[in-house]
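Welcome! Please take a look at the picture before reading on.

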Amino acid sequence: MACIRNENKPSAGEGDELEIVEWHTLNEKELASFVRSPINHGLSEAEAEKRLKAIGPNTLKQEKKTSSLSVFTNQFKDFMVIVLLVATIISALLGEFIDAITILIIVLLNGILGFVQERKAEKSLDALKELSAPQMYVKRDGVWKLIPSRLVVPGDIVKLASGDRVGADIRIIEASGLKIEESSLTGESVPVDKKAQLINEQDVEIAEMTNMAFMGTLITQGSAVGVVVATGMKTEMGKIAHLLQSTETLMTPLQLKLEQLGKILIIVALFLTALVVLIGVWQGHEVYTMILSGVSLAVAAIPEGLPAIVTVVLALGVQRMIKQKAIVRKLPAVETLGCASIICSDKTGTLTQNKMTVTDLWSGGNYWNVDGGGYEPKGKFMHEGRIVDVNKEQQLQQLVSYGMLCNNATIMKRERRVGMMRKKVDDYVLNGDPTEGALIVTAQKAGYSHKGLQVPYQRLKEFPFDSTRKMMSVIVKDQNGRRYVITKGAPDVIFEQCTKVIYGSQEEAFTSKRKREAENVIVQMAQKALRTIAIAYRPLGKNEKCDVDQQAECGLTLVGIQGMIDPPRPEVERAIKECHQAGIKTVMITGDHQETAIAIAKKLGIYKGHSRSLIGRELSHLSVSELEANVEDIAVYARVSPEHKLKIVRALQARGHIVAMTGDGVNDAPAIKAANIGISMGITGTDVAKEASSLILSDDNFATIKAAIKEGRNIYENIRKFIRYMLASNVGEILVMLFAMMLGMPLPLVAIQILWINLVTDGLPAMALGMDQAEGDVMKRPPRKPNEGVFARGLTWKILSRGFMIGVVTLAAFWLTLQNDPADLIKAQTVAFVTLVMAQLIHVFDCRSEYSVYHRNPFENKYLLVAVAISVLLMLIVIYYPPLQTIFHTVSLSAREWLLIIGSASIPTVVLGGFRLMKGS
Ligand code: ATP
């Protein structure tokens, strides 16, 4: 870090040049004056906007993008297009101006279409990046707000929590159990302890600045509040940003395969067109005409745009997924989604609503219920059906007030106007963890308020909750100066640390009898699907040291247990059923109690008669191979730590499963990464989990996973559909020319007609197929095998047979028209042109189904109807509008010729499809 203290430069935020200060040496007052920011209140929105304008967004410079011009010119760099352009120039020199200009226009239009497609794909991919862009909590105008990191400015007061990727360079002013992993800056992968204390030494290394958090580093534990001192390229990360720029490949396996396949198809198409040219010349056709037709045919038949269209279809599908609240971070995941055979889902918030309400309470032999719903602090406490006066229930008071003290959530009241009546309703919003929110509401129902408790109990320290420890503690000091540890967490974990219990009005030893009694209460609550939290405490000795969690969380006295409902999300049961029909098993992995987990899993249809459940402790003792032997029957994993998830993924993968795994915490990242589809939570997920994942659920909802899998399957099917359509069309185009030359016939199509078909008939409907709706049974088929090729399930046969039929019927229509009037070659060519176009446009409806054209409603896909209508309309203009007739070598057609055309064009799809349907094949 540069360490020049320059008094002449403007202070932070005023200009482009930020003052370079030894931030770590400043006390809070100096810091506030340097960044000109009131620490208690934060910047005002207006001031933040001014600074953002002056300094620019908080982003690292991106690599330069390919300019629009080069994307456009790239469209014409294809070898065959260059050959065609050369041939066009030759035809212009030979005096064929109309042909030359038309070909040029068509090639230009083709280029524009390619350009638009490529830009669209790029834009949607950029939009995706934007959606998963990092956010930060900042204090503006005295209120904490979550804003995109790029809008953060120097002087902003920010909040950091475990799992966050630090979004700017920050001087820490408050820290609690904070550990930061700074390997991206210092190379040191062991997390460093960070504190708010100032460092008096100057010229210290980055690694020694323990009161600073740097952009790009990772909070592995604890929480902090700090002041932003540098953003964007001015950060330490910005200074080395050029070293880090790497381009991530966005190609999916299918795209890569298609690129290779494209090369083979080019060779085949070139070989066949060369054959057409040679045979044509041998049969006595003019060399120049044959070369122009051959080159046009090659341009039309070579599916050079296939990978680009795949990208567009993937991008469009991904857009649809976003509408359904699934954000794809890594494009290959779209394909893998279609192969998913098992979903391992978290419970809280994903399968359930994460809206907790305490209903049952227990303390030392007494059991209470409390009513009321949501976060409204209204409800009555009851004991054996009778309303009780909380003021007379000392144990109850202690249980609920400790639940409020060992807590970081806040509940705010907001007034909302409803409808025309302008009636005001009270709306309570939770800021923080719903489990803690439920405890706050219960204390409020008993008459406690945060402020009311903060005065007599001053918080000195916090050991934050983490899902491995499964508990959280605070140290508070009462008005008499006595310090207490208050701990809350998973009851089984808390019980392990309890030596005493409050029973009746006194404390007594937590004997095995008392423990069994408490455990029975847990089971009783858990069987009602309640999530349970135990609360315990310990008075601290006068000089007792309590720096780490292990020192605090031991020798505790159990105060009691609170049980809260978290109802299942209503849409999840159906989603699980649909997944089951689609051959996808759902497994619940939760940190919650086994009985609670099973009760919810039963309600949702995850846990059935033969199912088994396993708890984290049992899982720890199993080797991966032992787990592998049992893994198929296990429907619920309870009381697991994030570390266990990796073992589960490995065992499932060893059984050949394609695993989708959800997670939200820092420690979930390895499992998310190891899973075939790593899924993170948009609302509750940490940056680390999001970065490791390939899919983010912006609503944290299980049903969204199902929707994404359905869309993933559909996207893959749509890619197959348009590959099938494009290649069958190309086969038809090549064969009609090849067969005509082999049979010594005149040319059935002229070069311009071939290029026209390539532009209008092949392009538009293919794109519309890419946006097709899923076929009715897409979620009734088993998952796709990961090694299954794109041409599997008879696609090659379908392409060749339908392409062959399209070629044959076009040639037959051409030949019959020629027989009727041998002198009118242009008419026969027009019939061939229209038959080929119509046969393809009818065939496109066949491509929508795995089975036949009769299996789907042809009016479902509006884009396709529009694409087909445009193609037909343009074709009609080309054959009936006299000026275009000259250009496209066409004539007007009679009703008899139309009858022949429609009859022939229907054979490959409608007639033969009907036969196949009758035969049941
Ligand atoms: P899932 O893993 O399905 O999201 P979960 O929320 O139950 O479920 P964890 O967050 O790991 O998983 O919580 C495990 C246990 O820790 C809970 O069952 C609860 O008893 C306890 N717990 C949860 N949140 C807190 C908290 N904020 N403070 C103290 N204890 C908590």
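The report below goes from the overall view to the ligand, then to the aromatic rings and a few single residues.

## About the model

This is a predicted model, in which local features need pLDDT of at least 70, side-chain atom pairs count only at pLDDT 80 or more, and totals for chains, interfaces and linings use all residues. Residues are numbered from 1 along each chain as its sequence is written, and side-chain values use heavy atoms, with hydrogens and water left out.

## The overall view

The protein has 32 helices and 28 strands; these are DSSP runs numbered from the N terminus, with helices (H or I) of at least four residues and strands (E) of at least two. Its C-alpha trace spans about 115 × 75 × 65 Å along the principal axes.

Of the 921 residues in the protein, 54% are buried. Buried means under 20% relative accessible area, exposed means over 50%, and partly exposed lies in between (1.4 Å probe, protein chains only).

## Around the ligand

Which residues are the closest to the ligand? They are Lys347, Thr348, Asp433, Arg531 and Asp592, out of 19 residues that surround the ligand. A residue counts as near if one of its heavy atoms lies within 4 Å of the molecule. The shell around the ligand holds four nonpolar, six polar and nine charged residues. Here Ala, Val, Leu, Ile, Met, Phe, Trp, Tyr, Cys and Pro count as nonpolar, Asp, Glu, Lys and Arg as charged, and the others, Gly among them, as polar.

Strand S18 (483-489) and strand S21 (531-539) each give at least two residues to this shell, and the largest share, three residues, comes from S21. Domain 3 (326-352 + 569-700) and domain 4 (357-565) each contribute at least three residues to the shell; the domain bounds come from an automatic or database domain assignment.

Several side chains come up to the ligand with polar atoms. An N or O atom in the side chain of Asp592 is 3.0 Å from an oxygen atom of the ligand, and for Arg639 an N or O side-chain atom is 3.2 Å from a ligand oxygen atom. Lys488 places a polar side-chain atom 3.1 Å from a nitrogen atom of the ligand. The ligand taken alone exposes 610 Å², and the protein buries 91% of that (areas by the Shrake-Rupley method with a 1.4 Å probe).

## Aromatic rings

Rings of Phe, Tyr and Trp (its six-membered ring) pair if their centres lie within 6.5 Å; planes under 30 degrees apart count as stacked, over 60 as edge-to-face and the rest as tilted. The count by this rule is six aromatic pairs. Phe495 and Phe510 have ring centres 5.7 Å apart and planes at 65°, so this pair is edge-to-face. Phe495 sits in helix H16 (residues 491-496), while Phe510, 15 residues apart from it, is in the loop between strand S20 (506-509) and helix H17 (512-527). Both Phe495 and Phe510 are buried.

Elsewhere, Tyr402, Tyr484 and Tyr537 make up one aromatic cluster.

## A few single residues

Ala509, in strand S20, is partly exposed at 44% relative accessible area.

Ile309 belongs to helix H11 (residues 306-323) and is buried, with a relative accessible area of 7%.

Methods. Polar contact = N/O pair within 3.5 Å; in protein donor to acceptor, adjacent residues only side chain to side chain.
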